[in-house]
Amino acid sequence: MMKKHLKFNTKCKLCLLPSLAGTAVFFVIPYIRVLYYSLIDNQFRCNFVGLDNYIETLNNEYFRLALVNSMLIIAIAVPVLIVLALVISLVLSFGIRKLKKLRTAFILPMLIPTASVVLIWRTLFTDTATPLPIYMLFIWKNIGICIILLTAAFTGIDENIYEAARLDGAGAFTLHRKITVPMIMPTLLFTVLLSIVNSFRVFKESYLFYGTNYPPDHSYTLQYYMNNNFLKLDYQSLATSAVLTSLLVFLIVIAGMALQRRWDR
Amino acid sequence: MSSCNNADTVPESTDSISTHTVVDITPNEPSYLEYPIDSGQPERFAVSPDGKVIVSTYRTSSSDLIELSADGTGRKIGECSGIPEGITYMGDDLYVLYSWSGNKEGIIIKKIGLNGEKNETYAEFELPISMGRNMSGNENELYVIAEDKNKGDITCNYPNFWNNKLSVFRIADGNCEKLPVDFPTAVCAEPGGGALIAGCDDNGYYVMKYKDDTFSEKMRSDNINSSIDSIADVDGEHFVFGMFSFTSQVSLYASDIGNITPAELIPGTNINGEKLYTRNGYCYFEPAVSLGMDGKPINKDDKYKIVRIRFSDYYKYNAPMNLLCSRMLRSTPFGCGYTINAVELSDEETALKILSQDRDYDLCCTKTTDTFAYSIKKQGSFYPLNDVPGVSEYLDKCFPSIKEAFTDENGNIWALPLYTDTDFIFSNTGDTDFSQMKLGEFLDYMEGLPEEEADLTNCDVFMLRYAALSRYVTTHDSFDTAEFRAAAERMKGSEVMNHKGTYRPQVSVQSEKVLMLMTGIDMVRSYYPKLYEREYRVSGLPCISEPDMIIPDVTFLSVNPASEHLSDALDYIERLTSHQLTELNTFIFKEGEGNYTDSGTVKQMIGLCENAQVYFSYPWELYYWDFIDYLEEKISLDGFITEADRKLKTYLNE
């Protein structure tokens, strides 16, 4: 039995090997290299400068501006996205049957090329005094995947549980509070984390909308900061800001996982 | 008289490449030597086995054969009747080629009696030939290339200067044999027998060898994209050739025979047609002299001469130099014997290549107007050139602002400046002084010109607009100044500034009367002789603030520190440095412009460049397109200033 177990484990590891190798080559090793670059003065002279680059980056007003703008997307656009996705998912899962056929229509924003969408967006939103067009574009683009995930979570709940609860006299509110919400919470948390990660990737849409590497201050995000430093060949600022961004995302994901573990308990 | 045999079939091909031993009989002599010719333009020249240069110069009804010396003296060693169409050595004897004239058709080859001996006819052949073009000989063969009347009107996909009418004839042992070659354009006899032939066919231009009745494969290269006018074998492994360039000049190239990769030997050299010879590892050629309508040299300092160069000093064997180029570059730098492979990439691709420390490029060639140019210095993505021989001295000869721009704060020379491309205003009519005009005054002047005077102007609006804005932004950190606002208000209502394209493009550098011509050094270089003849007043373009402020656009070369051919790259820089010091039109040296120091126009241009200040440009997108929106009334002046200042501040501080 032990032998069988070990053989199975070995097989599992072997199956994982290609994936791990790919991850190492395309993610882990480059990340370590970027980390190294963030600790030297430049990649041609390679003098170790410790945390000087990080201090310089954190003291840079435009990095801080970019960080604030990126966090605002998380604080404003992501909750709106999740709430909208939840409502639509609920309607699709528990609402009128005919509406269920519209489910696939919500995937369309993900399929349409961003450049085409931005052309329409620029016609609809001519006022660039606020970042609202970018937030709405982000929500429009990402709502599809959130709806798919949440709808799958909703439809994955066994009907018998609801039946049993109704037999016990539970009302609609209690049903959703005691059954639906706990059952979909892992998926909901995952959807939130996914949306937060996607919010850091908002750049293409914004770049095409504003048509410049220097958008209005309210839309200047971390991606712009990194991209502009790349064009200026300032690898150290680029590497440092990339590491800091990855740390931020990592912390958010850890917090999310801790929240989930707490919820499970 | 013998008739010529035609070889009806093409013998089998062979890929064998023979080599022959080359002995440098003058190893201690300079690698570059000139043989001046005082007796006028030479008709033909040849080089004896012991390296003596013999030219034929026409007098009245005959030609003298003169043995040249490098000190300019010549010794007459023989003469021949008329004008020979070819002159060459076969063994130790000198031969000349004539075509029959009058009722007869064919060629006559005469052996020249040297040192008092009589000339004698070596061979005569009755052939349908209208004009012999050249003759080349080795120990026992002569090869003649001539216009063949039998060819008729035949076409080929690839054009050559001689309209496909040439044929190659081999003369040996008293026989003449026409070789079956597709549209030959040049031939040279090879030591030990055989010949190197250049030609073209429907697949392009080619070079091939002929020996013992067999032809090699036709060797081609994408870089041989024009007709080869002359060819000569150096040592069996390398050859030199003159190829027509897009400017209708014949430039001098060299290549390996086995792997054809042309490298230009001396840039800008226009060699005179088929006058190319090799002997003992040296290459001899006659630089072409541009003649005016009166038959005299356009440039009075141009002299007729034969030039000799030591091949090994000019050609780098099998050595490509991979160059990362700015898209805005007018031309790649001279190869100095290396084959330059230039790759043009976008700004993003270039940045990625530099930051990734790619090893597959050796040099980066860009301009101070490129947005990432300054970043190369700031990021340290260069190999310091301080220890490359000649570079420090080279920079010392440059204008101070150029030297300062290419030396970093640690004293490292981070790039080699090559040349500047700056815009000027030229004028030779009227007495308007453009040198102290600001932009507003200039616009008033242009818009107030009467029609007949306006026809003597050429105003490039894009150049004017770009120069005004870019110079302003390099010396100010905000557009919110009274001076700029006033200039912007003036520009908005201006007929000139709102014009699309060139405003009144009536004159050029070829025009006689010029009231105001706005053009760059690039255009000026192409028409140097014209400028040399006429005197212009020269000034910089009008500015928004300081008048006569010149910011040169400097093209420079930096070495990739991660290059896999680093030693070759540094060797190339050393060669290029030496070569650049002989270049005549770079406008980067304090000492001026070589042969053109007599030109008042050029002196003024140099004076302006001397006072210029090198700045590295900011990206256009910071201000230019918003300014166009302002001129087109899509945004207000305050809107433009707010946007431009915001972008400028972000760019400078992020």
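User: Happy to dig in! Which residue of chain A forms a salt bridge with Glu654(B)?

Analyst: This is a predicted model, in which local features need pLDDT of at least 70 and side-chain atom pairs count only at pLDDT 80 or more, while totals for chains, interfaces and linings use all residues. Residues are numbered from 1 along each chain as its sequence is written, chains are lettered from A and ligands numbered from 1 in the order in which they are written, and side-chain values use heavy atoms, with hydrogens and water left out. A salt bridge here is a side-chain nitrogen of Lys or Arg within 4 Å of a carboxyl oxygen of Asp or Glu. With closest N and O atoms 3.2 Å apart, the partner of Glu654(B) is Lys232(A).

User: Are Glu654(B) and Lys232(A) buried or exposed?

Analyst: Buried means under 20% relative accessible area, exposed over 50%, and partly exposed in between (1.4 Å probe, protein chains only). By that scale, Glu654(B) and Lys232(A) are both buried.

User: What is the area buried between chain B and chain A?

Analyst: Buried area is the accessible area (1.4 Å probe) that two parts lose on being put together, summed over both. In chain B, Leu355(B), Gln379(B) and Glu654(B) lose the most area to chain A, together 31% of what that side buries. Carbon and sulfur atoms give 54% of the total, which is about 2,400 Å².

User: Which element gives the most to the side of chain B that touches chain A?

Analyst: Contact means heavy atoms within 4.5 Å, and 23 residues of chain B are in contact with 26 residues of chain A. Helices (H or I, at least four residues) and strands (E, at least two) are DSSP runs, numbered from the N terminus. Elements giving two or more residues to this side are α2 (347-355), α3 (373-379) and α15 (637-653) of chain B. With 6 residues, the top contributor is α15(B).

User: How many salt bridges are there between chain B and chain A?

Analyst: Over all chains, the structure holds 36 salt bridges. One network links Asp217(A), Asp626(B), Glu643(B), Arg646(B) and Lys647(B). Between chain B and chain A, the count is 3.

User: Nice! Now within chain B, how many residues apart in sequence are the parts that Glu483(B) and Lys438(B) tie together?

Analyst: The side chains of Glu483(B) and Lys438(B) meet in a salt bridge at 3.2 Å, N to O. Glu483(B) is partly exposed at 33% relative accessibility, and Lys438(B) is partly exposed at 32%. Because Glu483(B) lies in helix α9 (residues 482-492) and Lys438(B) in the loop between β31 (423-427) and α6 (439-447), the separation in sequence is 45 residues.

User: In the pair of Arg75(B) and Glu67(B), which residue is buried?

Analyst: These two side chains meet in a salt bridge at 3.0 Å, N to O. Arg75(B) has a relative accessible area of 44%, so Arg75(B) counts as partly exposed. At 14%, the buried residue is Glu67(B).

User: Which side chain of opposite charge is nearest to Glu205(A)?

Analyst: Glu205(A) sits in helix α9 (residues 204-210) of chain A. Leaving out residues up to four places away in sequence, Glu205(A) touches Thr114(A), Val118(A), Leu137(A) and Lys141(A). Lys and Arg count as positive and Asp and Glu as negative, with His and the chain ends not counted. Glu205(A) is buried yet has no salt bridge, and at 5.4 Å the nearest oppositely charged side chain is Lys141(A).
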